[in-house]
Amino acid sequence: MSRSLLRPLSAIVGVLWLTGCVSAPSGSPTLEDRNASAGGASSTVSGGEAKAPLLPSLLFIGDATSFVGWSCAPSQDVITAAQPEALRLWSAHGAEQLPQAVVASGSHYQKGEISAWDKGDELVVESSRGRLECQANTRRDSLRRSDKPGVMFFARGNEPGWHLSLANDVPRIDLTLDYGERKVSLPYRVTTLDNGEGRVILQSGRADAPFKLRVESRACFDDMAGTPWPARVTLDINGRQFKGCGQGIAP
């Protein structure tokens, strides 16, 4: 997807993200209601006990069940997830949710100047800046809590193989590195939560075990399997950097 086409996507993406602080007082109905619709974890604090933070909604799949990866012209790859009345779309530069519009045939989604026509194995994305014509080339069923019990966010990468999980109840990260040879569980703190950009940055809660985790809601394709994911993930730990893909996991 050309940068000129994606500029309007990035410009209005902020309206899709949950708003508010990283944490909120217990019993805040606004955060809880938004959290339920996003599929994220609670960010409240009850009795002084830290809870897992609320993540941006487009790290999750919403009411959809699978991701579709598309190859488009001009050259670009995008990912979609079709919900009953909306389409979530991820590109290399941002993410958007388009409500469904009433049409005679096919599935048409539109928000402002951005529209998408989903015709099965064909997708057309248009804006005032240009047009993308796409062909479906890969699909992946979304991970659910039954697949990853107790996990709010999961990510993985290759060369060397690694994966991580964020617990859905407390601010804890479980890391498995170097093809399973190294495993560690650590507390974390949120240093950046930018709902407008869909970006989250976490750092270790222990001075003797530093790490930095960056999560961005962008189209990501596994560099070995080619499967589509809605988040790009970068992990820096012990002077090494690991890159991969991830997704939020709804209850």
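Start by selecting valine 151 and alanine 167: valine 151 stands opposite alanine 167, which belongs to strand S12. Keep in mind that the model on screen is predicted.

Now widen the selection to residues 151-157, which make up strand S11. S11 and S12 run antiparallel, and 6 bridges join them.

Next, show the strands around this pair. S11 and S12 belong to a barrel closed by 8 strands, in the order S11-S12-S13-S14-S15-S16-S19-S20, with antiparallel pairing. On average, neighbouring strands of this sheet are turned by 30° against each other, direction ignored.

Stay with the barrel strands and look for rings. The structure holds 2 aromatic pairs. One of them is formed by tryptophan 162 and phenylalanine 242; the arrangement is edge-to-face, with 6.2 Å centre to centre and 65° between the planes. Select both residues and trace the chain between them: tryptophan 162 is in strand S12 (residues 162-167) and phenylalanine 242 is in strand S20 (residues 240-248), 80 residues apart.

The cut-off for buried is under 20%.

Two further selections show a charged side chain over a ring. Select arginine 140 and tryptophan 229: arginine 140 lies over the face of tryptophan 229, 3.6 Å from the ring centre. Then select lysine 148 and phenylalanine 154, where the charged end of the lysine sits over the ring, 4.3 Å from its centre.

Move on to residues 114-118, which form strand S8, and pick out tryptophan 117. Tryptophan 117 has a relative accessible area of 25%, so it is partly exposed.

Finally, clear the selection and show the whole protein chain. How many helices and strands does the chain have? The secondary structure comes to 2 helices and 20 strands. Of the 251 residues, 49% are buried. Among contacts with a separation of 6 or more, 46% are between residues 24 or more positions apart.

Note on methods
Residues numbered from 1 in each chain as written. Predicted model: local features only at pLDDT ≥ 70, side-chain atom pairs only at ≥ 80, totals over all residues. Heavy atoms only, no water. Phe/Tyr/Trp six-rings, centres within 6.5 Å; stacked < 30°, edge-to-face > 60°. Helix = DSSP H or I, 4+ residues; strand = E, 2+ residues; numbered from the N terminus. Lys NZ or Arg CZ within 6 Å of the ring centre and 35° of its normal. Pairing = 2+ DSSP bridges. Axes fitted to C-alpha atoms, helices over the stretch in contact; angles between N-to-C directions. Buried < 20%, exposed > 50% of the residue type's maximum accessible area, 1.4 Å probe, protein only. Contact = heavy atoms within 4.5 Å.
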